[in-house]
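Please go through this protein with attention to its open space, its sheet and its helix packing.

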Amino acid sequence: NIPDDIDLTNIETALSFYEEEDKQRLEQGVLTAIATQQTFEIELPFIDGDGRNKWVYINCEPVFESEQLSKMVGYIMDITERKQHEQEQEAIVIVSGALRKAENRSQMLPLILEQLRYLLQTDGAALAIYHPETETAVIEEAQGKMSQGLGLHHSMQNSITGKTLTTGQPFITKNIQSESELLYKNLFNIDQAAACIPLITQQQPIGAIWVCRPNEFTPVDLRLLTTIADITANAIHRATLYEQTVTQAEQINQIVNSVPDGVLLLNENHKLLMANSAAQTYLELLADIHIGDTLNHLNGRPLEELLATPPPGSWHTLTSQGKTFEAIASPLSAGPTDAGWVMVLRDVTERQMVQQQLQQQERLAAVGQLAAGIAHDFNNLMAVIILYSQLLAKSPGLTARDHERLDTIIKQT
């Protein structure tokens, strides 16, 4: 794409298609090739006749005649496509490496935008996450010129972001201010180019990336943006799933730890994988083991015996240091084989004491009822004795000695 009227045989003219720093590298390379009589090769950025940036590979060899430099023979090859591919691969490596350093989504988002701004030399960048429950996309990270947009909402209707997410197609423009569906014009300068790339994973939109800069985005830039968007979408999706899993695990852990009974998890080799607070306390008394150890027995009883299902309605009973525990286990299934065991330990010491007290009270109540019955029957007998003694005392002909004896019977009863 160099006009025919340009004389490339003129060294100054030929060098005008290179940046000043690259001119110096090229000149130094040629001089070195002449001094060493070796072939010289170099890769340099090149500005063609239409002002477009390209890459060229230059190979030249000095030709000597009678130990004098006669000419330079060589060729120039357009390697723009290869360099673009290499830059894309480098960008992928850079972005992927940055994402690996992030421990969660909040650390991931700024790293993505930092790498985008570096690779594409943008004035600003923003990342919006789609929220299905409100059908809006919220800017959760923004840098540079677009940092003012942090927290702004984009509706799925009548907005560029919404249209991009709905269609799944990238949006690119030379002048963002001329777009009628632009919601927040203050985020962009006049005559500024911009691009909005959807983040899609498993055929579902999860957000969009915005970038802006003075010069327009080329098809190569768009391809690079799309590649990075795919990496970002998958990374955000995995991070979101991981955070959800961690949250669920924390909730389950809170629930398990709030249970008053001891709950412990064993793998198929009886290795202790998990135990709530109550279980850890009980295990110190019954087996003196900790998480990661293998459980072989509880208070001297083989574990295999305790893993067996007890009769319906009953548990295995263990006694240690004045405390009484009940234990029961249930296998975890993973397909046709057992994947481990869940065991529940219950401290029933206080319950048994209460039961013993209740039983004692019941026995005392029974004795009291029996004694009351005997006393009632005995009182009936005494009443008859008193009645007849009183009647007999009124009989004529009794001696003084008889009256004295009857008085004694009446008084004593």
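Helix α3 (80-101) gives seven residues to the lining of the largest pocket, the largest share. In this predicted model, local features need pLDDT of at least 70 and side-chain atom pairs count only at pLDDT 80 or more, while totals for chains, interfaces and linings use all residues. Residues are numbered from 1 along each chain as its sequence is written, and side-chain values use heavy atoms, without hydrogens and water.

The largest pocket holds about 1,000 Å³ of space. A pocket is an open set of points on a 1 Å grid over the protein atoms alone, where a 1.4 Å probe fits, with protein on both sides within 12 Å along at least five of seven lines; lining residues have an atom within 4 Å of a point. Of the 27 lining residues, Asn53, Gln87, Thr218, Val220 and Asp221 are the closest to the centre.

The open sheet has three strands in the order β1-β2-β3, paired antiparallel; pairing requires at least two DSSP bridges. Because β1 and β3 (68-78) are edge strands with a single partner each, one side of each has no neighbour in the sheet. β1 and β2 are joined by eight bridges. Helices (H or I, at least four residues) and strands (E, at least two) are DSSP runs, numbered from the N terminus.

Helix α4 (residues 105-120) and helix α6 (residues 219-258) have axes that come within 10 Å and cross at roughly 170°. Axes are lines fitted to C-alpha atoms, for helices over the stretch in contact, with angles from 0 to 180 degrees between N-to-C directions. The crossing makes α4 roughly antiparallel to α6, a label for angles over 145 degrees.

Terms used: Angles under 35 degrees count as roughly parallel, over 145 as roughly antiparallel, 65 to 115 as roughly perpendicular and the rest as oblique. Grid points are joined across faces, edges and corners, and a volume is the space filled by probe spheres set on the points.
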